[in-house]
Amino acid sequence: MNILVSGAGVAGLACALELGTRGNDVTVVEYARQLRLTGTPIDIRGDAIETADRMGLLAAIQKRRVRMSELTQFVDSDGEPVARFPLAEISDSDDDIELLREDLLRILADALPPTVAIRFGDSIEALTDGGAEGGVDVRFASGRTGRYDLVVGADGQHSAVRRLVFGPEEDHLRHLGVYLALADHPAEAQAEGANSIYNVPSRMAGIFRYSGKAVAVFQFRSEPIDYDHHDLDAQKKILFDAFEGHRSWRIPELLEAARVDPGFFLTSASQIHLPRWHRGRVVLVGDAGYSPAFLSGRGTSLALTGARFLAEELQRSGPDHTAAFARYEARQRPYVTFAQDRVHSGRDRMLPTTWAAIAARNEALRALPGPHPRRAGENAP
Ligand SMILES: Cc1cc2nc3c(=O)[nH]c(=O)nc-3n(C[C@H](O)[C@H](O)[C@H](O)COP(=O)(O)OP(=O)(O)OC[C@H]3O[C@@H](n4cnc5c(N)ncnc54)[C@H](O)[C@@H]3O)c2cc1C
């Protein structure tokens, strides 16, 4: 089959790999001009590890494994550690694999067979599903057109394919009240030390280091904010507004890193809930169909299992894509439900809403068994 995949993130590349190695001709169309490599380490968990193994990627993934969360601690305004990050609470088991999002994208891209072509700097603008007999006619932003047997929407939380086929984003998106922003912080890359997280009420700023890189990380609580997801300056302004007036610890320095980073990334903790992930010849995979929100730590695992189940079922069903889509959904749905149910304690731990709640969080973490950082006073304004 001739298949169009929208988005070259984890879901899109995994679909391209799984579909391409099964003899399909795959075109991936990616809005950005190159792979978007920003990101903190992501997790591969549970059955997604077996999926990575079946894709033939596990050895390469294991080689790039990092253990960043173990080295992460909460600090006070002087940078003194006050509590350990509760790794045990965010990890399913010691088998979980943490690696850079960048490394996973490169491993997937390097494994693509010659039956896959990626077209950067373009996106789907309109599509018309020709029904049982025909394919899907697609018009791209570049003006190109094409006809495909199937279209896979793997274009993330703000999926254009989902909007075009399933309706407006607000019909499917559940905002969980938190935003995440990431920026490269090259000046900090070679510095020694653990990863640090600093809280002010309802906000956190942090520095995460790994493999010779450093990332400035921000989270803040907020009602939904309406903005253009392709306007970088507008996204940076949202971060600056959220931290307006906060100058303690290293917040100004981290905001400056965000100001100058062309790969700056902002996202909301939002889930996508749809009763079905396919309509006609169009199907959704990854965050586009079932974002569990970054707070779950399971978006990447869902993208990998989703790609595998979809490709396996299409292979099994031959030309009957409707049956394949239905079986893909039946196999993937339990993983999605599990992931989407597990986000709330993470938010309360990471973003206490008052100074008293920050102090209580630190106290509670120090009461957990295990080694703790020296007690050097609580966060203070
Ligand atoms: C730059 C970036 C950084 C991230 N960092 C983190 C992180 O630190 N921690 C975390 O938990 N999760 C992060 N995520 C989200 C995480 O990658 C996903 O939750 C998970 O891997 C599932 O991936 P996905 O492919 O479904 O979605 P995504 O990773 O969001 O990939 C979607 C892809 O589609 C592209 N795209 C979007 N719109 C269009 C369009 N209209 N046409 C064509 N292409 C389009 C995007 O540019 C992107 O490459 C990040 C995502 C991105 C894009």
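A salt bridge here is a side-chain nitrogen of Lys or Arg within 4 Å of a carboxyl oxygen of Asp or Glu. By that rule, the structure holds 27 salt bridges. This is a predicted model, where local features need pLDDT of at least 70 and side-chain atom pairs count only at pLDDT 80 or more, while totals for chains, interfaces and linings use all residues. Residues are numbered from 1 along each chain as its sequence is written, and side-chain values use heavy atoms, with hydrogens and water left out.

**View 1. Arg 308 and Glu 312 pair up within helix α10.** The closest N and O atoms of this salt bridge are 3.0 Å apart. Both residues sit in helix α10 (residues 299-317), and because they are four residues apart, about one helical turn separates them. (Helices are DSSP runs of H or I with at least four residues, strands are runs of E with at least two, and both are numbered from the N terminus.) Arg 308 is buried, at 6% relative accessibility, and Glu 312 is buried too, at 17%. Buried means under 20% relative accessible area, exposed means over 50%, and partly exposed is in between, using a 1.4 Å probe and protein chains only.

**View 2. Glu 313 meets Arg 327.** Here the closest N and O atoms of the salt bridge are 2.8 Å apart. This pair links distant parts of the chain, with Glu 313 in helix α10 and Arg 327 in helix α11 (residues 321-340), 14 residues apart. Glu 313 is buried, with 0% relative accessibility, whereas Arg 327 is partly exposed at 31%.

**View 3. Glu 313 also forms a salt bridge with Arg 331.** The closest N and O atoms are 2.8 Å apart in this pair. Again distant parts of the chain are linked: Glu 313 belongs to helix α10 and Arg 331 to helix α11, 18 residues apart. Arg 331 has a relative accessible area of 27%, so this residue counts as partly exposed. Zoom out a bit and there's a network: salt bridges that share partners join Glu 50, Arg 54, Arg 308, Glu 312, Glu 313, Arg 316, Arg 327 and Arg 331.

**View 4. Ser 77 lies in a loop between two strands.** The loop runs between β5 (72-75) and β6 (81-84). Ser 77 is partly exposed, at 25% relative accessibility. As for Ser 123, its C-alpha is 44 Å from that of Ser 77, and the two residues are 46 apart in sequence.
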